[in-house]
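Here is a short briefing to read alongside the model.

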Amino acid sequence: MALPTSIKLFEMAPRDGLQNEPGTLVPTATKIELIERLANAGLTHIEAASFVSPKWVPQMGDASEVMRGIARKPGVVYSALTPNLKGLEGALAAGVEEVAVFGAASEAFSQKNINCSIAESLTRFEPVLARANEAGVRVRGYVSCVLGCPYEGDISPQKVAEVAKALYEMGCYEISLGDTIGVGTPLAAKRMIEAARQQVPIEYLAAHFHDTYGMALANLYAVMEEGVSVIDAATAGLGGCPYAKGASGNVATEDVLYLLEGLGINTGIDLQAVIDTGVWITQLLGRKPSSKVALAKSTVS
Ligand SMILES: CC(C)(COP(=O)([O-])OP(=O)([O-])OC[C@H]1O[C@@H](n2cnc3c(N)ncnc32)[C@H](O)[C@@H]1OP(=O)([O-])[O-])[C@@H](O)C(=O)NCCC(=O)NCCSC(=O)C[C@@](C)(O)CC(=O)[O-]
């Protein structure tokens, strides 16, 4: 199949990127500056915060302050994770215009991440969708562990398709398929998408690939060949999931942009501004960007 002619990029650095940051809490002002820099670089979908229990994910404990503090740029969607009604109410009070619920294709991961079974999670999401709908807020859905689970190992494409379908039928406008621990390879990624697209139209599926084994770009190319046109990525390759031991960050936004530029797919995003933002935030965090493109095109050594 021909590659998509346009790609929507969903930026993850402020949420997925920072949620697992070890050590001291990243200051709220830094998170706000990161989000504003990303928006100024041309990113139009930014997952900015997470209204989860601060006992579970301390780095996201200032979600309300972050969401209230951003100088919003017209045309940019600033979204947040909301696992339950409590999270959604917090998000609505902070003026969030788009939220996301997050489930999994692995029972064990579901328990570790959100403390309930897959079936219970879907039941829990229903009132979140209903309330969000009433408030005029769009809801994205995530499925984690689509190419492998840190606790269960292999995950069947059919299970991924089943959970994706449930989220789609519940009213999620887009389903993001997460290779949470970055173990996937291109053929497995294609097979997983082939199963998911039997249940959810391909234009509503997003690829959310982590780069633990260095396969994320190859996997993205493989699923773009299947027609996937929404890609989640984190500037500087920041991140990892606190409930997936060993998981590294999302594929780096800089690397995805370089790939897309090479394919002649214009995103309108300023690659150099994203590189500069990645260098800035990683310097504050005391390390280097994990983006190969950023390392090649910046003075960081
Ligand atoms: C879902 C819960 C809350 C269930 O946690 P629980 O303990 O089962 O919840 P509970 O309803 O029994 O409540 C326990 C306490 O949490 C509070 N609470 C309850 N809900 C909230 C809330 N929304 N915001 C703030 N506080 C909340 C609640 O008020 C109570 O407080 P206490 O009475 O003990 O003081 C918990 O398991 C949790 O917060 N999990 C979050 C895990 C997480 O954020 N993981 C990372 C994001 S997912 C991810 O990274 C994967 C993804 C999306 O990127 C895709 C991929 O890569 O695969």
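Let's begin with E162, which sits in helix α7, spanning residues 157–170. Please keep in mind that this is a predicted model.

**E162 and its surroundings**
- E162 has 16 C-beta neighbours inside 10 Å, so this residue counts as partly exposed; a buried residue would need 20 or more, and an exposed one 12 or fewer.
- Although E162 and V200 are 38 residues apart along the chain, 9.6 Å separates their C-alpha atoms.

**Where α8 meets α9**
- Helix α8 covers residues 186–196 and helix α9 covers residues 216–225; their axes come within 8 Å and cross at roughly 40°.
- Because of that angle, α8 is oblique to α9.
- The crossing in which α8 passes α9 is right-handed.
- On the α8 side, the contact is made by P186, A189, K190 and I193, while α9 brings in A218, N219, A222 and V223.
- By type, the residues of this contact between α8 and α9 are six nonpolar, one polar and one charged.

**Around the ligand**
- The ligand is surrounded by 25 residues, and the closest are V52, G87, S144, G178 and T180.
- How do the residues of the shell around the ligand divide into nonpolar, polar and charged? Twelve are nonpolar, eleven are polar and two are charged.

How values were computed
Residues are numbered from 1 along each chain as its sequence is written. This is a predicted model: local features need pLDDT of at least 70, side-chain atom pairs count only at pLDDT 80 or more; totals for chains, interfaces and linings use all residues. Axes are lines fitted to C-alpha atoms, for helices over the stretch in contact, and angles run from 0 to 180 degrees between N-to-C directions. Helices (H or I, at least four residues) and strands (E, at least two) are DSSP runs, numbered from the N terminus. Angles under 35 degrees count as roughly parallel, over 145 as roughly antiparallel, 65 to 115 as roughly perpendicular and the rest as oblique. A crossing is left-handed if the near helix is turned anticlockwise from the far one by less than a right angle, and right-handed if clockwise. Two residues are in contact if their C-beta atoms, placed from the backbone, lie within 7 Å. Ala, Val, Leu, Ile, Met, Phe, Trp, Tyr, Cys and Pro count as nonpolar, Asp, Glu, Lys and Arg as charged, and the others, Gly among them, as polar. A residue is near a molecule or strand if its C-beta atom, placed from the backbone, lies within 6 Å of it.
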